[in-house]
Amino acid sequence: MLSRTTPPGPAVPSRRTFLVASAGAALALGLATPARAQARPQEKSPFGRYGSPSARLTERTLYVHPGGLGDHTTVQAAVSAASGSGHTLVVAPGTYRETVAVGVDRTEMTWIGASGDPRDVVVVYDNANGTRKPGGGTYGTTGSATTTVQADGFTARSITFANDFLRADHPEITGTQAVAVKVQGDRSAFLGCRFLGHQDTLYADSIALGTFARQYYRDCYAEGDVDFVFGRATAVFERCHFRTLNRTDLATAPYGFVFAPSTALTNPRGYLVTHGRVSSEAPDAYYKLARPWVPGSDTTARPMLTVRDTRLAAGIDAVAPYTNMADASPWQSQRFAEYRNTGPGAVVSVPQNRPRLSHGEAESATREAYLGDWTPWKGC
């Protein structure tokens, strides 16, 4: 199987922080164990306007609070208790250090961060591809995911999904892929969420090779360095912010790659990025916009990525924004395209390196065309 690795070098990580609501301060991911959050004293309920165990919004609403003020103290316990379809989990501010799996039978599930600020509700763990499992062997990329969602109809609002594995802490591990969330279900929506990691942060995938999974990300933030948005889903990223991290363990470019789609050949729709932005902590031109992933499990894959109406910062290499993951699958043979992008990373200086849609082609590169009869943006 093709290995998506980062070049070797001294294992010094990029800086990454997130807000711990109870303390109101930034916590360096992976450098300390976060404390449990308590209800904010100025609030009558840690669940805000979403009710409480004594005043449920519906009979299928469950409440999660790390200090015991809800039905469950962990997200996974609430997921396990929510058998069947159509449950809502209201998650109080706090940092939930755990792995969570939403199986295929937990359909139409919704997670809501109670405060409305994704920095307040963080689901985080630190497994990596090469992390040793208690029973032997290693987790692999898929097994490294902090959160795995296989069910159809999943929605998350105002939640941070993170993997705080740091290369510097584990120089003995060469498999540094560390997934924050792996999403495999059809009709999966993430609204106002954050995805924090380094390599392989957001795995937008499907449950099986022949299954096309539609996913919608709106007003989200994702950060990382190597292939930090990747997989074979049909995914629309609308008004999202992607940020490439600085690295001190590499002396030369490229530091990494934002997108690594692995779209199946028979899937007419891959990744669509629209009305978003890509920013960077790294020096100018030290990141590629994308590279195609043709995995060993699907050697016929033809990765597809369209980036349109999006601002690309100077951190993106404008001269050569795409590169190969393997010479046997050159990026020029894939389905990469751009349309009306702006910013220094979008300047067209070598036209053959910037495949562009015509105005006519752009008319079919829309969320409506990608998502079909599913309209998750209504009411957002």
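The model is predicted: local features need pLDDT of at least 70, side-chain atom pairs count only at pLDDT 80 or more, and totals for chains, interfaces and linings use all residues. Residues are numbered from 1 along each chain as its sequence is written, and side-chain values use heavy atoms, leaving out hydrogens and water.

**Whole chain**

- The chain holds four helices and 27 strands. These are DSSP runs numbered from the N terminus: helices are H or I with at least four residues, strands are E with at least two.
- Of its 380 residues, 57% are buried. Buried means under 20% relative accessible area with a 1.4 Å probe, counting protein chains only.
- The chain exposes about 14800 Å², and carbon and sulfur atoms supply 50% of that area. The areas come from the Shrake-Rupley method with a 1.4 Å probe.
- Among contacts between residues at least 6 apart in sequence, 71% join residues at least 24 apart. A contact means heavy atoms within 4.5 Å.

**Around strand β4**

- Strand β4 spans residues 88–91. Thr88 and Val90 point one way, Leu89 and Val91 point the other way, and all are buried.
- Strand β3 (residues 61–64) runs parallel to β4, joined by four bridges. Two strands pair if DSSP finds at least two bridges between them.
- Leu62 has Leu89 of β4 as its bridge partner.
- Strand β7 (residues 110–113) also pairs with β4 in the parallel sense, over four bridges. Here Leu89 stands opposite Trp111.
- β3, helix α1 (residues 75–81) and β4 form a right-handed β-α-β unit. Right-handed means that, with the strands pointing away from the viewer, the path from the first strand over the helix to the second runs clockwise.

**An eight-strand sheet**

- An open sheet runs in the order β5-β8-β11-β14-β17-β20-β23-β26, with parallel pairing.
- Its edge strands are β5 (94–97) and β26 (311–312), each pairing on one side only.
- Four bridges link β5 to strand β8 (residues 121–125) in the parallel sense. Thr95 stands opposite Val122 in β8.

**The second largest pocket**

- This pocket has a volume of about 180 Å³. A pocket is an open set of points on a 1 Å grid where a 1.4 Å probe fits, with protein on both sides within 12 Å along at least five of seven lines; lining residues have an atom within 4 Å of a point.
- Its lining includes Arg269, Met304, Arg335, Phe336, Glu361 and Tyr370.
- β25 (304–308) and β27 (335–339) are the elements giving two or more residues to the lining. The largest share, three residues, comes from β27.

Methods:
Buried < 20%, exposed > 50% of the residue type's maximum accessible area, 1.4 Å probe, protein only. Points joined across faces, edges and corners; volume = space filled by probe spheres on them.
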